[in-house]
Amino acid sequence: AAPPPAPPGRPRARAPARPLSPPGAMFGAIGRQSSQDMAVRLGTICKAEVRLSYFVFLAFGYSVLRQMTRHASATEMFWVLVKELGDQVILMGTVLCHELGHGNMALYLGGTIEYILLWVFGGICFSTRPTGAFDNDKLLKDDLLVVAAGPATHFVQAPAWGMVAWLVFWLVSPPGLSAWAVIKAAIKWWPIVEFPFPFPLSNLSALFWGWAIGGIYLNIVLFLFNVFVPMYPSDGAKLLVTGLMFFVGVTPRTAALVLVLVTVPCAGLLILHALHGLAQTGNYMGTLSGFMAVMSLSEAYKIWQMRNAKRLHEHSLFATARSWRREERDALGNFRSINTSAFDDEAPLTNGGFCGRMCRSLFQRSQGGASWSCAGCLACLFPCLVRVQARDLGQPLAGGSPG
């Protein structure tokens, strides 16, 4: 909805365009630079230009050479090359579908897609968010939808690869075997890299079987990592921050604090995992995850500094931390003016709706003032079983909109 007309003599406040995502952030800055100087244009899909980083070719070459050193005959090397090429195409295709989920949701909501970059760390969709939205609830809701649209594509991709695996099983297996049991057994054996089958397969059949099962496993892993590892720049970090501000009604500063506190241990564990894998296998490709973790730690430190300086709005993840307008009052009444402050807003962007009011009741004193609200504790733990009275939910926070 457009802002109401300004009183006579006062200029109408205008909302600035939402910035391209993700500017200013380390991953976004490196990705943008890489896409301009070290990437090849693949084409346009769904109105989105797709670029492929040169580093993907280097990683593919290293992986092929490492696999070929384990095989002596030319025939074995040929099948290794074909398998590695197929694996790389499946990986890039899966990441592209994921990024198109983000971009197409931005398009649906009124934004645009500048381009999509595929690189060794996954993918980045450089897009703009919808303009013309003035309400914080609307801004945060749009951000949530755009972020969630990427991981949601794996709910389509994984079953699609499951259908391919079932088709391969149906073509090569004798009667009496259960496709579901064979597929489950194959996925469990992923650490060995060879997907088992109840009887020997030809090279071509084994190739398609490995691609299909690998596609299922890849989508499962990417979904779990993106959603349940809240380490920037994964989607989990964006879902955590935006969800805290939208559903719970915390301030951007609090959301940034939570993000830093969960990023540091997650990044530390990922670095240890990368070092352990390097020591066990000698595969330097595994160190990419450790390098990404180091970059995440650097980004967390940058967010921490911005939080202390009250300038989180300069980071793409907290673009809504500083509102573009202020509510003021003078002799003529209430009016809205352009926010000229260079610092983040102190008040939450929303009051979080019922969920936010229910959780905040945890921190409200009871009428006696001697203990925390038991009703609030029980309601947070068992929201479907315990009903909280309206007087226990508190008043909407300053600057928040009704939930």
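**Strands, a helix and ring pairs**

Q: What makes β1 and β2 a strand pair?
A: Two strands pair if DSSP finds at least two bridges between them, and six bridges join strand β1 (residues 39–45) to β2, the two running antiparallel. Strands here are DSSP runs (E, at least two residues), as helices are (H or I, at least four), numbered from the N terminus. This is a predicted model, in which local features need pLDDT of at least 70 and side-chain atom pairs count only at pLDDT 80 or more, while totals for chains, interfaces and linings use all residues. Residues are numbered from 1 along each chain as its sequence is written, and side-chain values use heavy atoms, with hydrogens and water left out.

Q: Which strand is joined to β2 by bridges that run parallel?
A: Strand β3 (residues 112–119) is joined to β2 by four bridges, and L52 stands opposite L118 in β3.

Q: Why is strand β2 described as largely enclosed by the rest of the structure?
A: Buried means under 20% relative accessible area, exposed over 50%, and partly exposed in between (1.4 Å probe, protein chains only). Five of the six residues of β2 (residues 48–53) are buried, so the strand is largely enclosed.

Q: How do you know that the buried residues of α5 line one face of the helix?
A: In α5, the buried residues are H154, Q157, A158, G162, A165, V168 and F169. Seen down the axis of α5, these buried residues fall within an arc of 140°, so they line one face; the arc is that of the directions from the helix axis to the C-beta atoms. On the other side of α5, F155, V156, M163, W170 and L171 are exposed.

Q: What makes the pair of F223 and F228 edge-to-face?
A: The F223 and F228 rings are 6.3 Å centre to centre, with 75° between the planes.

Conventions: Phe/Tyr/Trp six-rings, centres within 6.5 Å; stacked < 30°, edge-to-face > 60°.
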